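Visitor: I would like to go through this structure and ask what stands behind each label. Please show it first.

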Amino acid sequence: MVDYDNLDAVLNLHNASTNGDEVLCSCPLGQMGIGHRNGDEHPSCRINVEKEVFFCHGCGARGTLASLVTQVLGITYQDAVRALHPLLTEAELDRIAKSHEYVPFSRPKTIDAEVDVWASMKTPY
């Protein structure tokens, strides 16, 4: 489980609100100008801090939190796991990185796509 305050520090979340294990926020990719026309002014990204997964209803991006951090910060998967879990020892971090198979980041759909390829896919949680 990822701590919300640490998640906010790593990803600099905008327009965030919490509801149990769920965080609703503006898409971190939208803040980078990826996949959103308006920078995702209205929160459309759901993050589950317990399952460590995310899904953006606006651009269709989905994956693990570590894969999101790799895209936003441009760091390796192992460094992303370390950033999300700063209080763990190196042995615990290595165990987590090895036990979690790397799940590739799913690219957001293009803004002007005629067919929404994500519509038929289920949310990750």
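Guide: A salt bridge is a side-chain nitrogen of Lys or Arg within 4 Å of a carboxyl oxygen of Asp or Glu. The model is predicted, so local features need pLDDT of at least 70 and side-chain atom pairs count only at pLDDT 80 or more, while totals for chains, interfaces and linings use all residues. Residues are numbered from 1 along each chain as its sequence is written, and side-chain values use heavy atoms, with hydrogens and water left out.

Visitor: What makes the pair Arg 82 and Glu 90 a salt bridge?

Guide: Their side chains meet at 3.3 Å, N to O, and the cut-off is within 4 Å, so the pair counts.

Visitor: How many salt bridges does a search of the whole structure find?

Guide: The search finds 2. Arg 82 also meets Asp 79, at 4.0 Å, N to O.

Visitor: Why are Arg 82 and Asp 79 separated by about one helical turn?

Guide: Because they are 3 residues apart in helix α4, residues 77–84. Helices here are DSSP runs of H or I with at least four residues, strands are runs of E with at least two, and both are numbered from the N terminus.

Visitor: Why is Arg 82 called partly exposed?

Guide: Its relative accessibility is 27%. Buried means under 20% relative accessible area and exposed over 50%, with partly exposed in between (1.4 Å probe, protein chains only), so 27% falls in between. Asp 79, at 37%, is partly exposed, and Glu 90, at 48%, is partly exposed too.

Visitor: Why is α1 called roughly parallel to α3?

Guide: Helix α1 (residues 4–11) and helix α3 (residues 65–73) pack at an angle of about 25°, with their axes 10 Å apart. Angles under 35 degrees count as roughly parallel, over 145 as roughly antiparallel, 65 to 115 as roughly perpendicular and the rest as oblique, so α1 is roughly parallel to α3.

Visitor: Which residues of α1 make the contact?

Guide: Leu 7, Val 10 and Leu 11 of α1 do, meeting α3 residues that include Leu 68 and Val 72; contact means heavy atoms within 4.5 Å.

Visitor: How do you know that strands β2 and β3 pair?

Guide: Two strands pair if DSSP finds at least two bridges between them. Strand β2 (residues 22–25) and strand β3 (residues 45–48) run antiparallel and are joined by 4 bridges, so they pair. Cys 25 has Cys 45 in β3 as its bridge partner.

Note on methods:
Axes are lines fitted to C-alpha atoms, for helices over the stretch in contact, and angles run from 0 to 180 degrees between N-to-C directions.
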